[in-house]
Amino acid sequence: MFHRTLKGACAAVFTAGVLVLAGQPGVAAADPAPLEATAAPAPAPGLLKALQRDLGLTPAQAEQRLAAESRATADATALRTALGPDFAGAWVSEDGGDDVRLTVATSDADEAGKIAATGARATVVPHTLAELDAAKTALDRAAAPKDPQAARVWYVDVTTNSVVVHSPRPGQARAFVAASGADAGLVRVVASDEQPRPLYDLRGGDAYYMGGSGRCSVGFPVTRGTQHGFATAGHCGRPGTSTSGYNQVAQGSFQGSSFPGNDYAWVAVNSSWTATPYVKGSGGQNIQVTGSTQAPVGASICRSGSTTGWHCGTIQQHNTSVTYPEGTISGVTRTSVCAEPGDSGGSYISGTQAQGVTSGGSGDCRTGGTTYHQPVNEILQAYGLTLKTTTDPGDPGDPGDPGDPGGTWAAGTDYAAGDQVTYGSATYRCLQGHRSQTGWEPPNVPALWQRL
């Protein structure tokens with residue numbers, strides 16, 4: 001867990017676990033610096049720079065990848081509905097050169113043409129996603145009373161059409177699988193020295209402090225009716241735990257918390273604090289949050305945390321179970337993004353779509369690592385929260401309700417490079433062909449649209 005406790009603050013090296021920062025509260029973080037409004041065709045610079053640094057991309061490749069992944073996310077969602085029970089998963093991968101291509105798996109060979117018609121690659125596999133999920137659920141049910149050394153991580157791997165179990169003791173892991181009642185034919189055991197632990201530690205990514213006991217990071221600002229607050233990691237606090245903000249000003253208290261089993265919580269804040277639809281990006285710049293559509297396996301994803309700031313990687317697997325010293329959590333997403341103590345609870349975002357809050361992992365941001373996030377949609381549903389989002393066509397640093405922006409842009413439309421639309425009071429030119437959807441309004445996705 002990437003939570004930092006006050007005691008033992010100098011211990012910066014950690015194995016897999018929760019990310020809460022422990023240490024005498026230091027200098028308060030600087031106030032968030034809003035992005036300046038500009039008419040230039042500038043994708044969020046922090047996002048593009050982090051993708052270039054962490055994925056080895058050029059500026060053009062980073063923009064092209066974001067555009068391709070936006071299209072893939074929409075197509076994967078539509079095909080899951082169209083294929084119904086035959087759906088066996090979807091993922092994106094490099095397809096030579098700078099291209100990223102969507103692959104969709106089905107258990108019915110007759111559905112391959114339906115997939116290919118969207119431009120995606122079709123692959124026929126023996127097991128549906130529902131069958132794999134059922135096998136993983138059997139492992140989840142068997143996890144609590146078992147030796148955590150037998151199986152530390154397991155997940156549905158759609159790319160291999162199997163359930164993968166990571167363990168330092170493969171023989172014990174196979175016994176764990178057999179005892180669970182899961183179909184052993186669907187499960188692969190992988191030898192692994194990974195040792196997950198929870199990641200202990202309001203714009204997303206900003207620091208907050210828990211009743212004098214440590215530091216964590218804001219996940220995503222939310223509302224519940226008229227009450228403002230934020231989603232974060234459950235291991236950071238229990239109901240009633242008081243919080244103070246990055247500036248040490250009294251902030252609020254935990255209203256709900258679940259850990260282990262899950263790793264999520266929400267904090268209600270006092271009237272001095274207002275939820276905003278942003279995540280703290282590179283250099284303190286605001287990254288817009290426009291929705292919470294789950295990105296597919298293989299997509300790029302970036303994390304914001306109060307210790308290590310802004311880092312990117314890729315989504316490796318959804319629906320993963322991880323056993324920390326405190327117990328097993330299920331349904332988290334496994335990523336290649338690094339994190340360290342204090343980053344716990346912080347934001348994971350893909351493009352402008354909220355993905356989840358930092359739970360735990362292994363490694364660090366000097367040598368790299370593996371981290372897990374609790375999907376944000378599950379948190380919203382569990383507590384009846386509403387994610388704070390924006391489609392403001394103005395300055396991306398200024399929260400506000402744009403009302404009806406008007407214009408010719410419309411969701412569900414296929415746009416080609418060079419097409420021009422109006423949105424709000426501005427005109428935009430399409431930079432890369434794509435199918436539009438709600439949340440991808442021209443001012444929100446500068447990789448796709450240039451303001452003229």
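Trainee: In what order do the three strands of the open sheet with mixed pairing come?
Mentor: The order is β3-β4-β5. A quick caveat: this is a predicted model, where local features need pLDDT of at least 70, side-chain atom pairs count only at pLDDT 80 or more, and totals for chains, interfaces and linings use all residues. Residues are numbered from 1 along each chain as its sequence is written, and side-chain values use heavy atoms, with hydrogens and water left out.

Trainee: What makes β3 and β5 the edge strands?
Mentor: β3 (87-94) and β5 (121-124) each pair on one side only. Strands here are DSSP runs of E, at least two residues, and helices are runs of H or I, at least four residues, numbered from the N terminus. From one strand to the next, the twist averages 25°.

Trainee: How do you know that β4 and β5 pair?
Mentor: Two strands pair if DSSP finds at least two bridges between them. Strand β4 (residues 100-106) and β5 have four bridges, in the parallel sense, so they meet that definition. T103 stands opposite R121 in β5.

Trainee: Which strands of that sheet does α2 touch?
Mentor: α2 packs on the sheet against β3 and β4, where contact means heavy atoms within 4.5 Å. The direction of α2 makes about 15° with that of β4. Axes are lines fitted to C-alpha atoms, for helices over the stretch in contact, and angles run from 0 to 180 degrees between N-to-C directions.

Trainee: How do you know that the span of α2 agrees with what it should be?
Mentor: The expected span is 1.5 Å times one less than the number of residues. For the 25 residues of α2 (residues 59-83) that gives 36 Å, and the end C-alpha atoms are 36 Å apart, so the two agree. Just after α2, G84 takes a positive phi of about 60°.

Trainee: Why are α4 and α5 called roughly perpendicular?
Mentor: The axes of α4 (residues 129-143) and α5 (residues 170-180) cross at roughly 100° and come within 9 Å. Angles under 35 degrees count as roughly parallel, over 145 as roughly antiparallel, 65 to 115 as roughly perpendicular and the rest as oblique. Therefore α4 and α5 are roughly perpendicular to each other. A138, L139, A142 and A143 of α4 make the contact with F176, V177 and S180 of α5.

Trainee: And what makes β27 and β30 edge strands?
Mentor: In the antiparallel open sheet β27-β28-β30, β27 (420-423) and β30 (449-451) each have a single partner strand, so one side of each is left without a neighbour in the sheet.
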